[in-house]
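Biologist: Please show me the model. I have a few questions about its surface.

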Amino acid sequence: MDVCYHFILLFLFTGLCSLGKNPVHSLVSGVNPGKPQNISKNDTEVKRAVLIATYSFNNQSNDAFLFKESAVDEAQRQVVKGVKYILKIEISRTVCRKRELNVDLDKCAFQSRHRLQQTFLCNFEVWALPWLKIMKTTFFLCLPLNNY
């Protein structure tokens with residue numbers, strides 16, 4: 001009986017030790033909360049985050065023209081206090097000017113004149129609190145791409 005008791009304790013102890021290597025939530029769901037996950041570039045919330053990010057860029061640039069997304073290279077979602085979207089986006093200059101009121105970026109064509117064409121590769125972080133209907137850009141870094 002004493003030997004059986006020791007085997008049971010050893011079995012339970014081994015099981016508890018292995019939990020530290022593979023947390024239960026990883027074994028059950030396959031998702032690690034807090035870890036960025038790749039998501040579809042066509043996801044509705046990703047599209048909203050891209051639009052918010054683009055508006056942030058336009059509000060802080062000194063360019064006379066508006067820019068809009070020309071490509072979404074990468075999209076990730078991270079569950080934090082809310083949802084953080086981590087985006088790698090190419091944005092290009094449009095023919096729409098900033099001084100125009102109520103501009104719909106979807107209706108703005110990209111610059112066709114070679115000397116006015118410009119594209120930036122941008123890394124954005126957009127934070128969303130869906131239950132409060134809040135979405136805002138918390139970080140971005142944009143570098144010009146060579147247009148040759």
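Modeller: This is a predicted model. Start with the largest pocket: its lining is Lys41, Lys47, Val50, Leu51, Thr54, Tyr55, Lys68, Glu69, Val72, Asp104, Leu105 and Asp106.

Biologist: Which element gives the largest share of the lining of the largest pocket?

Modeller: Two elements, α3 (44–60) and β2 (65–80), each supply at least two lining residues. The largest share is 5 residues. These come from α3.

Biologist: How many residues of the lining are charged?

Modeller: Sort the lining by class. There are 5 nonpolar residues and 1 polar residue. The charged residues number 6.

Biologist: How much space lies in the largest pocket?

Modeller: This pocket is lined by residues including Val50 and Asp104. The space in it is about 270 Å³.

Biologist: Is tryptophan 131 buried or exposed?

Modeller: Tryptophan 131 sits in the loop between β4 (119–129) and β5 (134–145). Together with Leu132 and Ile134, Trp131 makes a nonpolar surface patch of about 340 Å². Its relative accessible area is 58%. Exposed means over 50%, so tryptophan 131 is exposed.

Biologist: What is the phi of lysine 133?

Modeller: Lysine 133 is in the loop between β4 and β5. It is exposed, at 74% relative accessible area. Most residues other than glycine have a negative phi. Lysine 133 is not a glycine, yet its phi is positive, about 55°.

Biologist: Where is asparagine 102 found?

Modeller: Asparagine 102 has a positive phi too, near 50°. Its relative accessible area is 81%, so asparagine 102 is exposed. It is found in the loop between β3 (82–97) and β4.

Terms used: Residues are numbered from 1 along each chain as its sequence is written. This is a predicted model: local features need pLDDT of at least 70, side-chain atom pairs count only at pLDDT 80 or more; totals for chains, interfaces and linings use all residues. Side-chain values use heavy atoms; hydrogens and water are left out. On a 1 Å grid over the protein atoms alone, a cavity is a set of points where a 1.4 Å probe fits but cannot get out, and a pocket is an open set with protein on both sides within 12 Å along at least five of seven lines; lining residues have an atom within 4 Å of a point. Grid points are joined across faces, edges and corners, and a volume is the space filled by probe spheres set on the points. Helices (H or I, at least four residues) and strands (E, at least two) are DSSP runs, numbered from the N terminus. Ala, Val, Leu, Ile, Met, Phe, Trp, Tyr, Cys and Pro count as nonpolar, Asp, Glu, Lys and Arg as charged, and the others, Gly among them, as polar. Patches are made of residues with over 30% relative accessible area and no salt bridge: like charges are joined within 9 Å, nonpolar side chains (Val, Leu, Ile, Met, Phe, Trp, Tyr) within 5 Å. Accessible areas come from the Shrake-Rupley method with a 1.4 Å probe; for residues, only the protein chains shown count as cover. A salt bridge is a side-chain nitrogen of Lys or Arg within 4 Å of a carboxyl oxygen of Asp or Glu. Buried means under 20% relative accessible area, exposed over 50%, partly exposed in between (1.4 Å probe, protein chains only).
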